[in-house]
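This briefing covers one protein chain, from its overall make-up down to single residues. The sequence and the structure come first, and the notes follow by topic.

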Amino acid sequence: MEPSAVRYTKDIDIMINRTDLERIKNVAARHGFTFRNATGVDMLLPPGETKAMNAVHLIYSGEKVRATQVTPNPPVRPEYLSIHGVQVAVIPVFDLVQMKLSNNRDIDRVHIRDLDSVGLIDADVAASLPVALQKRLHEIRQSG
């Protein structure tokens, strides 16, 4: 991975099954997090935090975040990566690219450019996207 391509943000996005929401809220509350919904997005605010940009954003598997999203979020899959001996679910690159292109916010287009610049959006990933998202990828590449 190209170290200069790493983009640090203060928020964290976690994809969950909606059926797990109450359990997650209960566990988070025990650790001082506050559940909040702002502009249709559910989030967990760390202790003492009030800004959504510093929250844990809850993204729901199989659902759209906004009505304008082209495709629903992918399903949570049992693909894991071990980080420091801990099993952590990590979204496959294809699913991440599809989500970013589907949402198509300014920050999503920035992330697409970052992923593309380090070669993570290869010909196979691009060809596997739905036609509408292939078009968006092409537009992002042309404007880049």
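Accessible areas here come from the Shrake-Rupley method with a 1.4 Å probe. On that basis, the accessible surface of the protein chain comes to about 9,200 Å², and 56% of it belongs to carbon and sulfur atoms. The model is predicted.

**Overall make-up**

- The secondary structure of the protein chain consists of 5 helices and 6 strands.
- Read from the N terminus, the order of the elements is β-α-β-β-β-β-β-α-α-α-α.
- The protein chain has 144 residues, of which 31% count as buried.
- Taking contacts between residues at least 6 apart in sequence, 48% join residues at least 24 apart.

**Helix α3**

- Helix α3 covers residues 106-117, which is 12 residues.
- From its first C-alpha to its last, α3 reaches 17 Å, close to the 16 Å expected at 1.5 Å a residue.
- Which residues of α3 are buried? They are D108, H111, I112, D114 and L115.
- The buried residues of α3 fall within an arc of 160° when seen down the helix axis, so they line one face of the helix.
- In general, residues three or four places apart in an α-helix point the same way, because there are 3.6 residues a turn.
- What do the buried residues of α3 pack against? Their partners are α2 (93-103) and α5 (131-143).
- The exposed residues D106 and S117 are carried on the face of α3 turned away from its buried side.
- After α3 comes G119, which has a positive phi, near 80°.

**L44 in strand β3**

- L44 is part of strand β3, which spans residues 41-45.
- Is L44 buried or exposed? Its relative accessibility is 7%, and buried means under 20%, so L44 counts as buried.
- Apart from neighbours within four places in sequence, L44 is in contact with I24, A28, F33, T34, F35, A55, V56 and L58.
- One of these contacts, V56, is 12 residues from L44 along the chain, and the C-alpha atoms of the two are separated by 5.0 Å.

- As background, most residues other than glycine have a negative phi.
- T39 is not a glycine, yet its phi is positive, at about 50°.
- Where does T39 lie? T39 sits in the loop between β2 (34-38) and β3.
- With 72% relative accessibility, T39 counts as exposed.
- N104 is also a residue other than glycine with a positive phi, in this case near 60°.
- The loop between α2 and α3 holds N104.
- N104 has a relative accessible area of 25% and is therefore partly exposed.

**Nonpolar surface patch**

- Which residues form a nonpolar patch on the surface? The patch is made of V86, V88 and V90, and together they have about 200 Å² of accessible area.
- V86 belongs to strand β6, residues 86-89.
- The relative accessible area of V86 is 48%, so V86 is partly exposed.

Technical notes
Residues numbered from 1 in each chain as written. Predicted model: local features only at pLDDT ≥ 70, side-chain atom pairs only at ≥ 80, totals over all residues. Heavy atoms only, no water. Helix = DSSP H or I, 4+ residues; strand = E, 2+ residues; numbered from the N terminus. Expected span 1.5 Å × (residues − 1). Buried < 20%, exposed > 50% of the residue type's maximum accessible area, 1.4 Å probe, protein only. Arc of directions from axis to C-beta. Contact = heavy atoms within 4.5 Å. Patch = residues over 30% accessible without salt bridge, like charges linked within 9 Å, V, L, I, M, F, W, Y side chains within 5 Å. Salt bridge = Lys/Arg side-chain N within 4 Å of Asp/Glu carboxyl O.
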